[in-house]
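Here are my notes on the model you asked me to look over. Have the sequence and the 3D view open while you read.

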Amino acid sequence: MGYKVLKTKPEVDISSESTMRYHKGVRHLSENGISKQPMEERSKFMSTDVRAPVRYGTSFNQSKDSVFCWRDFLKLNCHSMDESLPHWPTSPSDFRDSIYEYAKENKYLFLKIMEAITESLGIVPKTTGNDNDDALKDYVSKEFENGSHLMVINCYPSCPQPELTLGMPPHSDYGFLTLLLQDEVEGLQIQHEGQWLTVEPIPNSFVVNVGDHLEIFSNGRYKSVLHRVLVNAIKSRTSVASLHSMPIMNMVRPSPALINEENPRRYLDTNFATFLDFISTCELKEKDFLDSRKC
């Protein structure tokens with residue numbers, strides 16, 4: 001249950017027209033985005049501080065990673081938007097407006113998917129008819145409406161020797177869900193039963209990755225997905241990953257409704273600060289962070 005491909009549907013209020021617009025936006029970012037800006041512009045956002053509201057770089061932690069990734073990234077805090085937006089780049093000129101609108105709709109999609117996941121876990125008592133839908137919406141809104149939201153714009157340049165490097169090494173994402181918008185160039189791979197499988201880009205769709213926090217919250221019913229990114233010698237690749245979780249200060253723990261004698265608690269409490277402390281002091285590899293939270 002770690003990897004899903006979700007085609008956008010009108011009932012979640014992100015239409016094919018919207019996703020086509022955002023795919024065009026990905027191409028626009030590829031052609032005009034931060035990696036194509038002058039070094040003077042990029043240097044404004046270079047930082048080794050993993051807590052910075054905006055950060056431009058190449059790896060998870062440039063002061064700890066032994067090998068840098070073959071990518072440029074721009075990370076944007078998108079929770080508390082009114083506080084975050086003034087820190088965002090102003091070049092290209094339409095960058096802030098485009099990203100602001102995309103972030104709002106992406107958050108809406110996340111909340112709708114979480115309603116379905118919450119229902120699948122059976123942690124909200126069932127009622128009849130529309131009352132059940134309202135109960136799910138109320139629960140998800142309470143837990144995630146003000147949740148953390150980190151957007152990562154990735155640019156993977158063509159590489160003269162792609163067999164010698166990776167765009168990103170194997171890892172799992174820390175949050176509940178990552179909604180990934182990608183261009184038409186292959187590169188994303190997931191590990192399934194010990195084999196690396198290429199995720200072929202599907203037009204007008206999002207890739208939905210389960211993260212470590214959802215594995216913890218579901219007490220292991222949902223599994224975070226181990227994934228990596230390959231590069232190639234011919235084409236550059238661009239993707240926009242939106243990582244969603246509970247509010248930054250909240251503790252993430254296994255839902256009490258999913259713990260009993262037959263299914264004992266499998267994970268320790270954690271939060272976003274714990275993850276930041278972890279990557280500030282360690283080189284992030286595969287599922288090291290999740291493994292550190294197991295009982």
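The points below go from the overall build to single residues.

1. **What we are looking at.** This is a predicted model, so local features need pLDDT of at least 70 and side-chain atom pairs count only at pLDDT 80 or more, while totals for chains, interfaces and linings use all residues. Residues are numbered from 1 along each chain as its sequence is written, and side-chain values use heavy atoms, with hydrogens and water left out.

2. **Overall build.** The protein has eight helices and 11 strands; these are DSSP runs numbered from the N terminus, with helices being H or I of at least four residues and strands E of at least two. Of the 295 residues, 51% are buried. For burial, the cut-offs are under 20% relative accessible area for buried, over 50% for exposed, and partly exposed in between (1.4 Å probe, protein chains only). The protein exposes about 14300 Å², and carbon and sulfur atoms supply 50% of that; areas come from the Shrake-Rupley method with a 1.4 Å probe, and for residues only the protein chains shown count as cover.

3. **Contacts along the chain.** Take the contacts in the protein with a separation of 6 or more: residues 24 or more positions apart account for 74% of them. Contact here means heavy atoms within 4.5 Å.

4. Leucine 74 lies in strand 3 (residues 72-77) and counts as buried because its relative accessibility is 1%. Its C-alpha atom is 6.8 Å from that of glycine 57, 17 residues away along the chain. Methionine 81 sits in helix 3 (residues 81-84) and is also buried, at 15% relative accessibility. Leaving out residues up to four places away in sequence, methionine 81 touches Pro86, Trp88, Tyr100, Ala103 and Lys104. With alanine 103, 22 residues apart along the chain, the C-alpha separation is 9.1 Å.

5. In general, side chains of opposite charge can pair when their charged atoms come close. The rule used here is a side-chain nitrogen of Lys or Arg within 4 Å of a carboxyl oxygen of Asp or Glu, and by this rule the count comes to six salt bridges. Arginine 51 is in the loop between helix 2 (39-43) and strand 2 (54-57) and aspartate 277 is in helix 7 (residues 272-281), so the pair ties together parts that are 226 residues apart in sequence. Arginine 51 is partly exposed at 43% relative accessibility, and aspartate 277 is partly exposed at 42%.

6. **Salt bridges, two others.** Aspartate 269 pairs with arginine 253, with 2.9 Å between the closest N and O atoms. Both residues lie in the loop between strand 11 (237-244) and helix 7, 16 residues apart. Aspartate 269 is partly exposed at 26% relative accessibility, and arginine 253 is partly exposed at 38%. Lysine 294 and aspartate 291 form another bridge, at 3.4 Å between the closest N and O atoms. Shared partners also join Arg253, Arg265 and Asp269 into one salt-bridge network.

7. **A negative patch.** Glu119, Asp131, Asp133, Asp134 and Asp138 form a negative surface patch. Patch residues have over 30% relative accessible area and no salt bridge; like charges are joined within 9 Å, and nonpolar side chains (Val, Leu, Ile, Met, Phe, Trp, Tyr) within 5 Å. Lys and Arg count as positive and Asp and Glu as negative, with His and the chain ends not counted; each charge is placed at NZ of Lys, CZ of Arg, CG of Asp or CD of Glu. Helix 5 (residues 130-144) gives the most to this patch, with four residues. Aspartate 134 is found in helix 5 and is partly exposed at 39% relative accessibility.

8. Most residues other than glycine have a negative phi. Glutamate 193, not a glycine, has a positive phi of about 55°. Glutamate 193 is found in the loop between strand 7 (188-192) and strand 8 (195-198), and counts as exposed because its relative accessibility is 73%. Asparagine 204 also has a positive phi, near 60°. Asparagine 204 lies in the loop between strand 8 and strand 9 (205-210) and is partly exposed at 24% relative accessibility.
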